[in-house]
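Visitor: I'm new to this structure. Could you show me how to read it, one feature after another?

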Amino acid sequence: MKLPVLKRDAPEREKPGRQLGTLARKLLRKRVVIPVAACALAGAFALRLAGGGQPVSAAGLTYTTAPVERRDITAQITGSGALEAANSYSVTSLAEGNILTADFEEGDQVEEGTVLYTIDASDLSSSLEQAQLSLDQAQRSYDSRAKDLEKLSVTAPKAGRVLSLEVEAGDDVSAGQTVATLRNSDVMTLKVPFLSDEAAGFRVGQSASVTLESTFETLEGTVSKVDRMDTVLEGGMMVRYVTVEVSNPGALTPGQTGSVTVDGCASAGSAPFEYAAEENITAEVSGQVASIQAQEGSWVNQGGVILTLTSDSVEDSLQSAADSLRNAQLSLESRQDQLDNYTITSPIRGTVIDKNYKAGETSEAGKVLCSIYDLSYLTMTLSVDELDISDIEVGQKVSITADAVEGKTYTGVVTKVSVAGTSSGGTTTYPVTVRIDETEGLLPGMNVDAAITLESASDVLAIPAGALNRGNTVLVTADSPSAANGTAMEGGEYYSVPVEIGASDSSYIEIVSGLQEGDTVAYIPTTGSGRFEMMIPGGMGVATFSDGAMPGGGTPNITVSAGGGPGGGRGGF
């Protein structure tokens with residue numbers, strides 16, 4: 001059986017000053033805390049030894065010493081990854097056919113919208129024309145149904161008075177049925193002949209003088225129409241008819257006759273008066289009378305609504321025509337979209353990486369014709385540990401090196417820090433995107449190493465990372481100058497000195513105060529896998545647990561050695 005191992009975070013710093021860095025925290029987390037069962041086992045074993053009256057010898061502890069020396073410390077987060085283009089696009093064909101043109105080659109720079117391929121679309125042209133014809137026909141049908149809908153409102157073709165209404169609200173009306181009679185008795189007209197040469201000089205709106213033949217009374221009139229065609233009367237007289245309107249003083253009736261003089265020219269004959277408007281109003285479509293807007297005897301202007309019909313069949317026909325029109329539009333748009341597929345353009349500005357088809361070959365739907373990369377800059381993605389991700393932010397500089405380009409370091413910048421982490425083996429990492437603008441010598445797909453500098457210090461006092469103990473203390477040898485500021489361990493061979501730390505990397509920690517050059521630190525190196533060391537509280541010694549289980553599923557082998565540990569004090573139990 002293998003004892004479980006728990007990781008623990010480093011304690012909060014007890015004195016003011018610089019907080020423990022991320023890398024220092026990670027180093028301290030690597031110290032192992034033995035679970036309760038193992039501690040109890042070690043305690044029982046120690047008591048048993050103590051009960052025997054034989055203290056554990058300090059000779060079992062082996063310390064490593066290292067000088068306190070000046071060095072440069074740089075805390076970095078490093079990683080590796082493959083380069084990718086700023087943008088890439090695989091150009092595929094949605095149409096099949098003979099490729100007519102492919103005027104580009106691999107390595108060419110193309111702009112967005114540049115024509116790459118044209119494919120023979122002759123088979124599509126006929127179906128496109130047919131779709132256009134169907135759309136035109138559907139449009140005409142819709143326009144006709146729309147006019148039918150407008151015809152449900154029965155209007156006056158001329159201004160006049162409603163002489164009679166032939167229907168009532170709720171009546172069913174057939175197309176062509178008379179629904180009302182309209183008369184304009186306020187204005188009378190007469191159509192008289194003039195010599196063609198004279199009539200040719202008349203114009204609509206010109207004043208005219210009308211003489212009643214029965215009373216020789218003269219009325220003022222207005223020319224409303226001049227025929228453009230000549231008419232031959234008996235005797236070979238060439239005339240043109242001119243229509244004149246006269247306000248009815250109240251006594252004029254149809255059948256009375258009169259003659260006209262225009263601009264000093266007398267008419268070649270007389271004509272009977274007629275009402276300016278008198279006609280039957282008919283329904284142009286079938287329907288049911290929904291409402292009547294004009295009453296008998298009321299005046300209606302030209303275009304005024306007399307009554308309104310309703311018809312489900314007309315409305316249904318209009319809706320059906322609208323649906324057919326929309327279907328025809330969609331069909332034409334679909335054909336036009338298909339036609340667009342026969343001209344293939346570049347979706348981005350970039351470099352042609354490969355060309356898989358050339359002119360004269362037959363394109364296949366869904367196949368990649370060519371690939372285009374935007375190489376204006378390159379990107380890479382780093383997977384950053386959860387302990388470090390809080391130290392990463394957009395805008396940070398990144399040093400990039402590539403085995404393929406020796407002796408050159410590129411500079412990148414963090415452009416994105418994702419919050420979507422990926423967990424594996426109890427550890428979560430987060431993707432960080434880095435952009436590299438200076439790309440000479442680099443290509444997509446190359447493997448590169450990246451380093452993000454978190455903190456650095458030059459020419460500072462430093463000790464090995466493993467020499468820092470909990471509580472920010474360090475063991476120094478008795479001959480170290482700083483031993484005078486420390487606490488002697490049993491035997492006086494080592495002294496525990498409090499220190500203040502600064503920057504740290506994976507191997508060394510900056511000492512801000514507490515030590516000086518000439519000091520020598522002592523520490524116990526971390527053991528390899530398969531063995532776990534426990535620092536006995538109070539400096540009582542070190543318990544080492546190996547993986548070998550005792551027969552019968554017992555506890556692992558335990559070796560306890562006494563002596564002054566990092567906490568100081570006696571090595572016995």
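**Reading the features**

Guide: Let's start with a network of salt bridges, which links R145, D148, K151 and E284. A salt bridge here is a side-chain nitrogen of Lys or Arg within 4 Å of a carboxyl oxygen of Asp or Glu. Before we go on: this is a predicted model, where local features need pLDDT of at least 70 and side-chain atom pairs count only at pLDDT 80 or more, while totals for chains, interfaces and linings use all residues. Residues are numbered from 1 along each chain as its sequence is written, and side-chain values use heavy atoms, with hydrogens and water left out.

Visitor: What lets side chains pair up like that?

Guide: Side chains of opposite charge can pair when their charged atoms come close. D148 is buried at 17% relative accessibility, whereas K151 is partly exposed at 29%. The cut-offs are under 20% relative accessible area for buried, over 50% for exposed, and partly exposed in between, with a 1.4 Å probe and protein chains only.

Visitor: How many salt bridges turn up in the whole structure?

Guide: Twelve. One of them joins the side chains of E111 and R349, at 3.2 Å from N to O. E111 is in the loop between β7 (109-110) and β8 (115-119), and R349 is in the loop between β24 (343-345) and β25, so you're looking at a link between parts of the chain 238 residues apart. E111 has a relative accessible area of 43%, which makes it partly exposed.

Visitor: Which parts does the E278 and R183 salt bridge tie together?

Guide: The side chains of E278 and R183 meet at 2.8 Å, N to O. E278 sits in strand β20 (residues 274-282) and R183 in strand β12 (residues 178-195), so parts 95 residues apart in sequence are tied together. E278 is partly exposed at 42%, and R183 also counts as partly exposed, at 23%.

Visitor: Let's take a helix. Which residues of α5 are buried?

Guide: The general idea first: an α-helix has 3.6 residues a turn, so residues three or four places apart point the same way. In α5, the buried ones are V314, L318, A321, L325, A328 and L332. The buried residues of α5 pack against α3 (122-150). Helix α5 itself covers residues 312-340, and its 29 residues reach 42 Å from first C-alpha to last, close to the expected 42 Å. That expected span is 1.5 Å times one less than the number of residues.

Visitor: And the strands? In what order do they line up in a sheet with β9 in it?

Guide: Two strands pair if DSSP finds at least two bridges between them. The open sheet you mean has four strands in the order β9-β23-β21-β11, with antiparallel pairing. Its edge strands, β9 (153-155) and β11 (172-173), each pair on one side only. Further in, β21 (residues 287-292) and β23 (residues 305-310) share four bridges, with S291 partnered by T308 in β23.

Visitor: What is the strand order of the open sheet that includes β8?

Guide: That open sheet runs β24-β8-β6-β26, again four strands with antiparallel pairing. Here β24 and β26 (362-363) are the edge strands, each pairing on one side only. Three bridges join β8 to β24, and V115 stands opposite T345 in β24.

Visitor: Which strands pair with β27?

Guide: Among them is β5 (residues 84-92), which pairs with β27 (residues 368-385) in the antiparallel sense over eight bridges; N87 has D374 as its bridge partner. Strand β25 (residues 350-355) joins β27 through four bridges, antiparallel too, and T351 stands opposite Y373. Then there's β31 (residues 427-436), joined to β27 by eight bridges and also antiparallel, where T379 stands opposite R435.

Visitor: How much of the whole chain is buried?

Guide: Buried residues make up 37% of its 573 residues. As for contacts (heavy atoms within 4.5 Å), those with a separation of 6 or more come 70% from residues 24 or more positions apart.

Definitions and conventions:
Helices (H or I, at least four residues) and strands (E, at least two) are DSSP runs, numbered from the N terminus.
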